[in-house]
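This report describes one protein model in plain terms. Please look at the sequence and the structure below before reading on.

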Amino acid sequence: MTDATPPLSPRKTPRQARSKATVHAILEAAARILETQGVDAVTTNAVADRAGVSVGSLYQYFPSKEAIFAELIRQMRSEMRDDIFRAIDFVADKSLEFAMARLVRAVIHHHVHRALRADALEHLEAQLPPDPDSMAMARQTRTRLALFLAQHDVPTPDQAAGDILHLIIGIAHPALHGGETNFDALARRIDPAVLGYLGANVTYS
């Protein structure tokens, strides 16, 4: 990235179907280039060309390629938040052990889905300035999990929620990045780590 702080917010929000389609094409084009050619190949000219739009049209919505990266990261964080919310909704009246198993699998599913894209964007996120929207979504995810943990009398639920998410991602991400393809086996390795953190006494067959 450059020394100057690049603008990360879109110039404007698309309202009409045509403008939404243009923004979608730009984001998908950038993601494809990122996945197949790497971050250095992502330029506004290359993205516009692949998206089939003019550079001027791209700049109507995104002031820089960093703004495109930031929007892709927001999408990724939104998808992860929604995956975890759905998992928590599904286990609302289930045991803590069952709930944590579903959570583990929701996080793995998120990282498997478009794994190359997620890996590249997480690397980029560490290089970009903090984005308030992405940070807010991370807080929403942690808060929702903390509320569920509190219902099960887990001590310091907010801290526990953050630790559990970091634990799952910390094991899953390197394994998937290293070529792990047996996702059920990966989940079964993570399950006891999460339950051990929570102090649950569970016997696995």
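## Terms and source

Accessible areas come from the Shrake-Rupley method with a 1.4 Å probe, and for residues only the protein chains shown count as cover. By this method the protein chain exposes about 10,900 Å², and carbon and sulfur atoms supply 52% of that area.

The model is predicted: local features need pLDDT of at least 70, side-chain atom pairs count only at pLDDT 80 or more, and totals for chains, interfaces and linings use all residues. Residues are numbered from 1 along each chain as its sequence is written, and side-chain values use heavy atoms, with hydrogens and water left out.

## The chain as a whole

The protein chain has 9 helices and 0 strands. Helices (H or I, at least four residues) and strands (E, at least two) are DSSP runs, numbered from the N terminus. Along its principal axes, the C-alpha trace spans about 60 × 35 × 30 Å.

Of the 205 residues, 42% count as buried. Buried means under 20% relative accessible area, exposed over 50%, and partly exposed in between (1.4 Å probe, protein chains only). A contact means heavy atoms within 4.5 Å. Among contacts between residues at least 6 apart in sequence, 69% join residues at least 24 apart.

## Helix α1 and its partners

Helix α1 (residues 17-37) packs against helix α6 (residues 115-125) at an angle of about 90°, with their axes 9 Å apart. That makes α1 roughly perpendicular to α6, a term for angles of 65 to 115 degrees; under 35 counts as roughly parallel, over 145 as roughly antiparallel and the rest as oblique. Axes are lines fitted to C-alpha atoms, for helices over the stretch in contact, and angles run from 0 to 180 degrees between N-to-C directions. Residues making the contact include Ala 31 and Leu 34 of α1 and Ala 120 and Leu 124 of α6.

The axes of α1 and α4 come within 10 Å and cross at roughly 95°. These two helices are therefore roughly perpendicular to each other. Ile 26, Leu 27, Ala 30, Ala 31 and Leu 34 in α1 meet Ile 68, Phe 69, Glu 71, Leu 72 and Gln 75 in α4.

## Buried residues

In α6, Arg 117, Ala 118, Ala 120, Leu 121, Glu 122 and Leu 124 are buried. Their cover includes α1, α4 (65-90), α5 (96-112) and α8 (157-177).

Thr 44 lies in helix α2 (residues 44-51). At 14% relative accessibility, Thr 44 counts as buried. Leaving aside its neighbours within four places in sequence, Thr 44 is in contact with Val 55, Leu 58, Tyr 59, Ser 64 and Lys 65.
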